[in-house]
Amino acid sequence: MSQTGPLMGFVHRRRRGAELFLLVLALAVGIGAYAAVGLGVEGAVPADMVGYGGWLTGLIIAAHITVRVVAPYADPVLLPLVAALNGLGLAVIHRLDLTYEAMGQDQHTFARQQLIWMTLGVVLFVTTLLLLRDHRVLQRLTYTAGLAGILLLVLPFLPVIGRNINGARIWINLAGFSFQPGEVAKVLLVIAFSGYLVLHRDALALAGRRVVFIDLPRGRDLGPILAMFGVSMMILVLQNDLGSSLLFFGLFLAMLYVATERPGWLVVGGLMFGAGALAAYTFVGNVQNRFNFWLHPLDYYDASPGSYQLVEALFGQGWGGLIGRGLGNGFPERVPFAYSDFIISTIGEELGLTAVMAIIVCYGLIVERALRIALISRDGFGKLMAVGLGSIVALQVFVVIGGVTGLIPLTGLTTPFLSYGGSSLVANWVIIALLLRISDQARRPAPRLEPADDTSDDSESTQVVKLR
Amino acid sequence: MSELTLFLIRAAFLAILWIFVLSAISVIRSDMFGARVPETARGAAPVPERRKGKAARKPRRGAPTHLVVVEGENPGTRAELADAPLLIGRGSDAAIKLDDDYVSTRHARVAASGDEWFVEDLGSTNGTYVGPVRITQPTTIGLGVQVRVGKTILELRK
């Protein structure tokens with residue numbers, strides 16, 4: 001984490017024009033997908049095409065103007081990537097809605113709700129950028145953020161507002177709205193981790209004693225953050241939320257590694273993960289099932305709980321092939337939760353590998369931009385925060401897409417920006433706002449101060465009088 | 001709707017998707033390699049302009065006018081910001097000369113960029129702090145923000 005690298009001599013341009021151009025293309029993706037859904041399912045361009053497209057355009061333009069005004073140097077690629085993913089997600093959810101409606105299911109307004117959540121997300125995105133003019137302010141809130149994060153994680157345990165949906169107690173219900181506080185907690189914990197680590201990283205990396213191969217830091221340096229981490233992990237395990245615990249663990253490890261520059265942490269973390277996974281495999285029946293479904297999906301097709309969902313998703317993706325069946329011409333509704341966790345399998349079935357690859361590249365670009373922001377950021381707190389936020393996206397995408405495609409055992413997490421889920425969508429928009437704020441600070445040319453007059457003070461400085 | 005039309009729609013959509021992804025990549029690419037503002041323009045060209053700006057600069061209402069020591073060995077020592085950049089240290093050429101053992105000879109510098117005032121550490125031994133944070137880069141300071149060098153605390157005042 002050196003402060004001056006070869007990157008520092010680089011002058012960044014604002015590139016707001018490039019952002020606008022990419023946003024137009026992103027809107028073409030979103031609205032084009034919506035039109036294609038209408039054509040594929042109903043054989044005609046949807047009636048509310050203009051209204052829907054106008055709404056989407058309005059949201060995106062509002063976000064763009066905010067960035068133009070309050071963060072003119074911010075990264076030009078992040079917002080278009082997010083807009084395209086969100087637009088595509090909306091269209092695919094709408095496509096599933098149409099089928100659910102035709103099948104006579106009660107719940108077939110996911111897309112409308114998602115659009116409301118997206119509006120809320122954009123509003124929060126704009127608010128974050130407007131209110132937070134300097135991300136370093138957040139460093140003052142290190143412990144507040146940590147405490148708030150843990151409190152939010154505990155909320156679902158409360159008797160009245162807590163809800164147990166699909167076996168995981170991660171929901172609260174307020175005035176008819178369900179919300180997953182854990183999604184917000186992950187952003188707060190990133191702030192807490194980076195605020196803590198940036199102050200203590202030297203002590204963590206240098207002080208302490210060596211045990212076998214690794215330098216263990218002193219308890220008083222590691223203690224607070226370990227407590228923060230331990231408590232949140234414990235809560236998540238109690239809530240039976242496997243995906244989120246995996247996410248928090250990976251996030252914590254990545255930030256510790258980046259802060260201390262010690263690869264030893266990855267080894268320790270890997271061993272801890274192995275031990276934890278083994279313990280979970282031995283003692284938690286649910287985890288054993290997940291492993292079995294992953295290794296032999298077809299054997300458990302008819303069992304209950306079985307691998308029906310995963311197998312149908314794999315069939316769908318296989319049937320989709322290289323370019324898919326076309327929006328509206330597949331049977332993604334056969335997969336339970338096709339609109340949330342399994343949205344990638346819907347896209348794989350109807351738009352094929354070509355679209356799935358494009359989506360993975362989009363996520364890759366988001367993560368690359370986050371790490372890039374971390375590289376060029378001038379302050380350690382911003383660096384750590386950008387790494388943390390980037391790894392949240394990276395881990396989430398890896399766990400979900402890996403699970404749906406059968407690469408790793410399946411754990412429930414939302415696909416950022418694509419899948420249905422209000423809390424996750426809102427939190428992700430805030431993540432992008434924070435990243436843009438850090439990148440605006442990082443890419444803004446360094447203040448040019450009048451040079452210290454080095455000519456007049458020769459008498460003061462040490463001089464080489466004679467060599468030899 | 002015929003099979004061919006549907007195929008064309010699908011192909012067109014995938015094309016749009018990939019055009020978007022590739023344009024995003026190309027923006028990143030030119031962002032990485034296309035620094036069109038060369039170092040020379042950054043270092044040399046704005047200098048005369050800046051001198052002119054400095055001569056023309058009029059203190060705005062509410063803008064800080066001087067830097068003062070509020071705590072430490074030499075409380076009350078002050079320097080006018082009109083003489084900026086101000087050097088803080090133990091050396092005899094410092095605008096604010098401190099008798100603090102924990103301060104380096106050339107410790108820190110206060111200078112303006114546009115309307116904002118910045119404090120910059122000049123590689124001191126014990127560091128310069130703005131609030132609780134040790135600074136590693138020029139950092140904006142406003143009225144009343146406490147800057148700590150050694151055991152001394154300085155502030156911008158009106």
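Leaving aside neighbours within four places in sequence, A:Ile432 is in contact with A:Leu78, A:Leu79, A:Val82 and A:Phe125, two residues being in contact if their C-beta atoms, placed from the backbone, lie within 7 Å. The model is predicted: local features need pLDDT of at least 70, side-chain atom pairs count only at pLDDT 80 or more, and totals for chains, interfaces and linings use all residues. Residues are numbered from 1 along each chain as its sequence is written, while chains are lettered from A and ligands numbered from 1 in the order in which they are written.

A:Ile432 is, with A:Leu81, A:Met255, A:Cys362 and A:Leu435, among the residues with the most contacts inside the largest nonpolar core, which has 147 residues. A nonpolar core is a set of buried Ala, Val, Leu, Ile, Met, Phe, Trp, Tyr and Cys residues joined through C-beta atoms within 7 Å. A residue is buried if 20 or more other C-beta atoms lie within 10 Å of its own, exposed if 12 or fewer, and partly exposed in between, with C-beta atoms placed from the backbone. Helix H14 of chain A supplies the largest share of this core, 16 residues. Another core, of 24 residues, lies apart from it and includes B:Leu98, B:Val103, B:Val110 and B:Leu156.

Helix H12 of chain A covers residues 343-350; helices (H or I, at least four residues) and strands (E, at least two) are DSSP runs, numbered from the N terminus. Eight of the eight residues of H12(A) are buried, so this helix is largely enclosed by the rest of the structure. Among these buried residues are A:Ile343, A:Ser345, A:Gly348 and A:Glu350. They pack against helices H3 (78-103), H11 (308-320), H13 (352-376) and H14 (380-404) of chain A. A:Gly352, which follows H12(A), has a positive phi, near 80 degrees.

A:Arg15 has a phi of about 60 degrees and is placed in the segment before helix H1 (16-42) of chain A. A:Arg15 is buried, with 21 other C-beta atoms within 10 Å. At A:Glu261 phi is near 55 degrees, and the residue is found in the loop between helix H8 (242-260) and helix H9 (264-283) of chain A. A:Glu261 counts as exposed, with 10 C-beta neighbours inside 10 Å.

Chain A also has paired strands; two strands pair if DSSP finds at least two bridges between them. Strand S1 (residues 162-165) of chain A runs antiparallel to strand S2 (residues 168-174) of chain A, and three bridges join them. In this pair, A:Ile165 stands opposite A:Ala168. S2(A) also pairs in the antiparallel sense with strand S3 (residues 177-179) of chain A, over three bridges, and here A:Ile172 stands opposite A:Phe179.

Among contacts in chain B with a separation of 6 or more, 37% are between residues 24 or more positions apart.

Six strands of chain B form an open sheet in the order S2-S1-S11-S10-S7-S8, with antiparallel pairing. Strands S2 (78-80) and S8 (133-134) of chain B stand at the edges, each with a single partner strand, so one side of each is left without a neighbour in the sheet. Strand S7 (residues 128-130) of chain B pairs with S8(B) over two bridges, and B:Val130 has B:Val133 as its bridge partner.

Two spans of chain B are listed by UniProt in unreviewed entries, in the numbering used here and with shortened feature names; such annotations may be inferred rather than shown by experiment. The record lists residues 6-28 of chain B as "transmembrane region". That span is 100% helix and 0% strand, and its end C-alpha atoms lie 33 Å apart. UniProt places "domain: FHA" at residues 86-135 of chain B, a span that is 0% helix and 46% strand, with end C-alpha atoms 17 Å apart.

The predictor gives the complex an ipTM of 0.88 and a pTM of 0.80. Chain B averages a pLDDT of 78, and 80% of the residues score at least 70; pLDDT is the predictor's confidence in each residue, from 0 to 100. Among the elements of chain B, helix H1 (residues 3-33) has the highest mean pLDDT (89) and helix H3 (residues 46-56) the lowest (42). Over residues 38-57 of chain B pLDDT stays under 50, and the model has three contacts beyond four places in sequence for this stretch.
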